[in-house]
Amino acid sequence: MNFVAWMIVACEIAFWVVIIMGLVTRYMFKLNKLGLFFLALTPVIDLILLIITGIDLYHGATATQAHAIAAVYIGTSIAFGKSMIHWADERFQYYVTKQGPKPTERFGMEYARHYLKGWVRHALAYLIGAGLLAGMIYFINDPARTGALSGILRTWTIVLGVDFIIAISNFIWPKKMKV
């Protein structure tokens, strides 16, 4: 595994570590401002990954799938970051501190609307990540060095389309409550 791949793993771990630190600090130690500080570090982690990837490519590295996944990770983190933190916050409150309402499971049209909102976030992540991929392809300007970026972009485009079909199918065949 190359350096960028290891940095993606490190950034993903760091993302969840700062979220857990933020939640523990906020709810267990009742230090809301410090907890908010930790939660606010999540975009800094994305920025670090972007800088590392850019420097690696600037110094002549051939783009690998790890470089492409860094762009996907950044787009996903920006588009889904707030909702992932909310999801973790809700479950931490209920399951760890035994406070707040139990997280609810969605069914029927409520689930379909929620999934469609998730698809809109996915589309936003795609726009951000695809923009980063296209930018890297443009600035490197060497198809021999950017094949992996183009491949991930094509694959992600297909995944986004399939996700849209699933989102629409939830309105046709709504998720039913388990009996």
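The model is predicted, and local features are reported at a pLDDT of at least 70, side-chain atom pairs only at pLDDT 80 or more, while totals for chains, interfaces and linings use all residues. Residues are numbered from 1 along each chain as its sequence is written, and side-chain values use heavy atoms, with hydrogens and water left out.

The secondary structure of the protein chain consists of six helices and zero strands, where helices (H or I, at least four residues) and strands (E, at least two) are DSSP runs numbered from the N terminus. Along the sequence, the pattern reads α-α-α-α-α-α. Taken along the principal axes, the C-alpha atoms of the chain fill a box of roughly 55 × 45 × 25 Å. Of the 179 residues in the chain, 37% are buried; buried means under 20% relative accessible area, exposed means over 50%, and partly exposed lies in between (1.4 Å probe, protein chains only). Contacts are defined by heavy atoms within 4.5 Å. Among contacts in the chain with a separation of 6 or more, 75% join residues 24 or more positions apart.

The mean pLDDT of the protein chain is 91, and 99% of its residues reach 70 or more.

Two helix pairs illustrate the packing. For these pairs, axes are lines fitted to C-alpha atoms, for helices over the stretch in contact, and angles run from 0 to 180 degrees between N-to-C directions. Helix α2 (residues 32-40) and helix α3 (residues 42-58) have axes that come within 4 Å and cross at roughly 25°. Helix α2 is therefore roughly parallel to α3, given that angles under 35 degrees count as roughly parallel, over 145 as roughly antiparallel, 65 to 115 as roughly perpendicular and the rest as oblique. In this contact, Phe 38, Leu 39 and Ala 40 of α2 meet Thr 42, Pro 43 and Val 44 of α3. By class, the contact of α2 with α3 comprises five nonpolar residues, one polar residue and no charged residues. In this classification Ala, Val, Leu, Ile, Met, Phe, Trp, Tyr, Cys and Pro count as nonpolar, Asp, Glu, Lys and Arg as charged, and the others, Gly among them, as polar.

Helix α4 (residues 65-96) and helix α5 (residues 108-140) pack at an angle of about 145°, with their axes 8 Å apart. Helix α4 passes α5 in a right-handed crossing; a crossing is right-handed if the near helix is turned clockwise from the far one by less than a right angle, and left-handed if anticlockwise. The contact includes His 67, Ala 71, Ile 74 and Ile 78 of α4, together with, among others, Leu 124, Ile 128, Leu 132 and Met 136 of α5. The residues of the contact of α4 with α5 divide into 12 nonpolar, seven polar and one charged.

Several residues within helices are buried. Thr 25 lies in helix α1, residues 3-28, and is buried, with a relative accessible area of 7%. Not counting residues up to four places away in sequence, Thr 25 touches Lys 30, Leu 31, Leu 34, Gly 35 and Phe 38. The C-alpha atoms of Thr 25 and Leu 36 are 8.7 Å apart in space, the two residues being 11 apart in sequence. In helix α4 is His 67, which counts as buried at 1% relative accessibility. With residues up to four places away in sequence excluded, the contacts of His 67 include Asn 2, Val 4, Asp 56, Met 136 and Leu 149. Ser 77 is also placed in helix α4 and is buried, with a relative accessible area of 7%. Leaving aside neighbours within four places in sequence, Ser 77 is in contact with Phe 15 and Asp 46.

Exposed residues occur in loops. His 59, in the loop between α3 and α4, is exposed, with a relative accessible area of 64%. From C-alpha to C-alpha, His 59 and Val 9 are 22 Å apart in space, and 50 residues apart in sequence. Most residues other than glycine have a negative phi. Lys 30, although not a glycine, has a positive phi of about 60°. Lys 30 is located in the loop between α1 and α2 and is exposed, with a relative accessible area of 56%. Lys 98 likewise has a positive phi of about 60° without being a glycine. Lys 98 is found in the loop between α4 and α5, where it is exposed, with a relative accessible area of 64%.

How values were computed: pLDDT = per-residue confidence, 0-100.
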